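Hello,

Here is the structure you asked to see. Please open it first, then read my notes below.

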Amino acid sequence: MQEQVKERILNELNVDKLEQFVNDLKTKPDVVKATNGPWHSRVKWQGGLKARAYMRNHVANFDEPEGLGATDSAASAHEHILSAVGACMMTGFVFQATRRGVKIHDCEIALEGTFGSIKNWAGISDESTPGYPEIKAKLFIRADADTKTLHELWNEAWKRSVVAQTVARGAKITPEFEAL
Amino acid sequence: MALFPVTTVGSWPRPTWLLQALRKRQSGEISFDQFNTLANDAVVEAVKLQEDAGVDIVTDGEQRRDNFYSFVVEKLEGVKLMTLSQLLDFIKDRASFEETLRALDVPSFAMKSPVAVDKIRPKSKLAVDEVDFLKANTRKKIKVPIPGPYMLTRSSWFPGLSDTAYPTLEDLGKDVSKILHDEILALKGAGVDFIQLDEPVLSQVVHGAEGAETFMCAALATRKDPTEELSYALELVNQTLKGISGIKLGVHVCRGNWSRKEDVLLKGNYGPLLPYLTEMNVDQLVLEFATPRAGELKVFKEYADEKEIGLGVVNPRSSEIESPDLIIRRVREATKFFDPSRVYLNPDCGFGTFAERPVNDAQTAFAKLRSISQAAQRLREAPLEIPA
C-alpha cells in the first residue's frame with residue numbers, strides 16, 4: 001500500500017507548495033514569465049466620484065468622503081494605496097516567515113499618510129505634491145521567533161514588496177488617451 | 001494589622017515562557033489544566049517577589065489571566081473571547097476605533113473582550129482555584145481582584161452578538177451580578193482576606209470623549225449619558241454585594257493602564273465619581289493618585305473618612321523608582337482626609353494588566369513595592385515625619 005505523505009501546513013499555508021513555487025521560479029522560465037505579468041486592472045466610472053476596479057475575477061469599489069460632495073460608500077483610491085502597501089508587505093512577511101518555519105499568531109500593519117497638498121490635487125496650487133510624500137507602516141507581530149528574526153523578516157518584506165517598492169521608487173506611469 | 005498596609009492592585013508581569021504557554025492555550029494547543037500547571041511556577045515567583053519586597057497583602061499576580069476581565073472565558077459558559085479585530089465586523093463606527101488604536105499605538109488583536117454569545121453560566125468558580133493555590137504558597141494575607149459587575153456587563157454585551165441571549169444590557173447585568181455575588185461568597189469561604197472589584201472603566205464614562213473608545217471596553221460604544229451609566233454601575237455593584245459582610249471589599253478605578261505614554265491615558269479627578277463610589281457598599285476605594293492625571297486628593301474634602309482608601313503612591317508604568325520620601329509626602333496629603341488607620345498603600349494599578357502588554361518588568365515592579373514598604377515602615381515608626 002502506498003504511504004500517504006502528510007502535507008506540511010504552517011500559517012495556513014502549504015509549505016511544500018510554497019517551496020515548489022520558489023523552486024519553479026529558479027528553474028522554469030515560463031513560471032517566471034507568467035508570474036511577472038503583465039497584471040491588469042480596469043477602472044469603470046460609477047457616477048459621482050465612485051469607481052469600480054475589475055481585476056481578474058475580483059472587484060474593488062472606490063468613493064470619496066462626503067466633504068467632497070461624494071457619498072462615502074467605499075474607501076478612497078488613496079486609502080487603497082495605503083492598504084495595498086500594507087497588504088503587499090504582509091504577504092511578503094508571511095511568505096518569508098513561513099519559509100523560515102516561523103509560526104505567526106497575529107499580524108497587523110498600521111499605515112498612515114498625509115497629502116503633500118490637497119490644494120495641488122484640487123488644481124488651485126502647484127505647491128508640494130498631491131500625493132503622500134511619506135507613508136508610515138508599523139508592523140504589530142506576535143509570532144514564535146525572536147525579535148531579531150522578526151525584524152529581519154520585516155526588513156525583507158519592505159525591501160521585496162512589489163507595491164511598496166513601486167510606490168517608493170515612483171513607477172513611470174504612461175498616460176494614454178482615446179476619446180470616443 | 002499594622003498601619004499603612006502595603007498591597008498591590010493585582011497583576012504582575014508574566015515571564016516570557018508563561019506568555020508562550022498562554023498563546024498555546026488560546027490557540028487550543030494545550031488545555032486549561034495544562035496551562036494552569038505551568039502557571040503555578042509563575043505564581044510562586046510573583047508571590048515570592050511581593051513577599052521579599054515587604055508587601056503585607058499579596059495577590060497571585062493574576063498570572064493565570066490573560067487580562068483582569070477576559071479570563072472569565074475559561075470559567076463561564078456562553079462567553080467567547082474575541083479580539084477587537086473580530087468585533088470590527090459588528091461595530092458601526094469603525095473609524096472611531098481606528099482613531100483610538102492609532103492614538104494608543106496598539107494593534108486590534110491586543111484588545112480582547114469576553115463577549116456573551118449565549119446565556120452565561122458558571123463552569124467553575126472564577127477565582128477559587130487561584131485562591132487555593134495562593135493560600136498554599138503564602139502565609140501573608142491575600143487579596144483577589146475580580147472584574148466588577150459593571151465592567152463585566154459592559155465588556156460582554158455586544159449588539160449583534162449578545163442580543164439573542166440577552167435582549168438588553170440590563171438582562172445580562174442581572175446574570176453577571178448573580179454570578180459575582182456567588183463568587184464573592186465562595187471566595188470568602190475559601191479564606192480570602194480582601195476582594196477587589198475592578199471597575200476601571202467608570203473613569204471612561206466620566207472623562208472619556210464620546211466616540212473615542214478606550215482599549216478597555218469596546219462595548220462602551222453603546223453607553224448612555226454619564227449619570228445614567230454611573231447610577232447603573234452603583235445599582236449593579238450594590239446588587240452584587242447585597243447581604244455580604246465579614247470580608248473586606250474594595251472597588252478599583254483608574255484611568256487606563258495599557259500604555260506608558262501618559263498623554264494617551266485618561267485625565268480627570270475623582271470628583272464626579274465620588275457621589276457614586278461612596279454609595280457603593282464597599283470598605284475601600286482603591287484609587288490612583290501617583291500622577292497628576294488623577295487630580296488632587298482634596299476632592300475628598302466632603303467625603304473624608306467615608307471609606308478606606310487604597311492610595312496609589314507609585315506609577316506602575318514608569319521606570320523611575322519613587323523614593324520613600326516622595327511616597328511619605330503623598331501619604332501625608334491623604335491623611336488630611338483619611339484617618340491613618342484607613343489608609344492602605346498600593347501602586348496606581350497593576351504592573352501587567354494585559355498579559356501581552358505589561359507596563360513594567362518584574363525588577364522595576366519589585367523596586368517600586370520595596371520603596372512603598374520602606375515608606376510604610378517609616379510612617380509606622382515616626383507617624384509625624386514629613387520629609388522635606
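Buried means under 20% relative accessible area, exposed over 50%, and partly exposed in between, with a 1.4 Å probe and protein chains only. By that rule W121(A) is exposed, with a relative accessible area of 53%.

This is a predicted model, where local features need pLDDT of at least 70, side-chain atom pairs count only at pLDDT 80 or more, and totals for chains, interfaces and linings use all residues. Residues are numbered from 1 along each chain as its sequence is written, chains are lettered from A in the order in which they are written, and side-chain values use heavy atoms, without hydrogens and water.

**Chain A**

W121(A) sits in helix α4, residues 118-122. (Helices are DSSP runs of H or I, at least four residues, numbered from the N terminus.)

Now the cysteines. A disulfide is a pair of cysteine sulfur atoms within 2.5 Å. How many are there over all chains? The count is zero. C88(A) is in no disulfide; its nearest cysteine sulfur, in C107(A), is 13 Å away. C88(A) is also buried, at 18% relative accessible area.

**Chain B**

Look at helix α4, residues 94-104. Which of its residues are buried? They are S96(B), F97(B), T100(B), L101(B) and L104(B). They cover an arc of only 140° around the axis, so they lie on the same side of α4(B). (The arc is that of the directions from the helix axis to the C-beta atoms.) On the other side, A95(B) and E99(B) are exposed. After α4(B) comes D105(B), whose phi is positive, near 60°.

Best wishes

Notes. Helix = DSSP H or I, 4+ residues; strand = E, 2+ residues; numbered from the N terminus.
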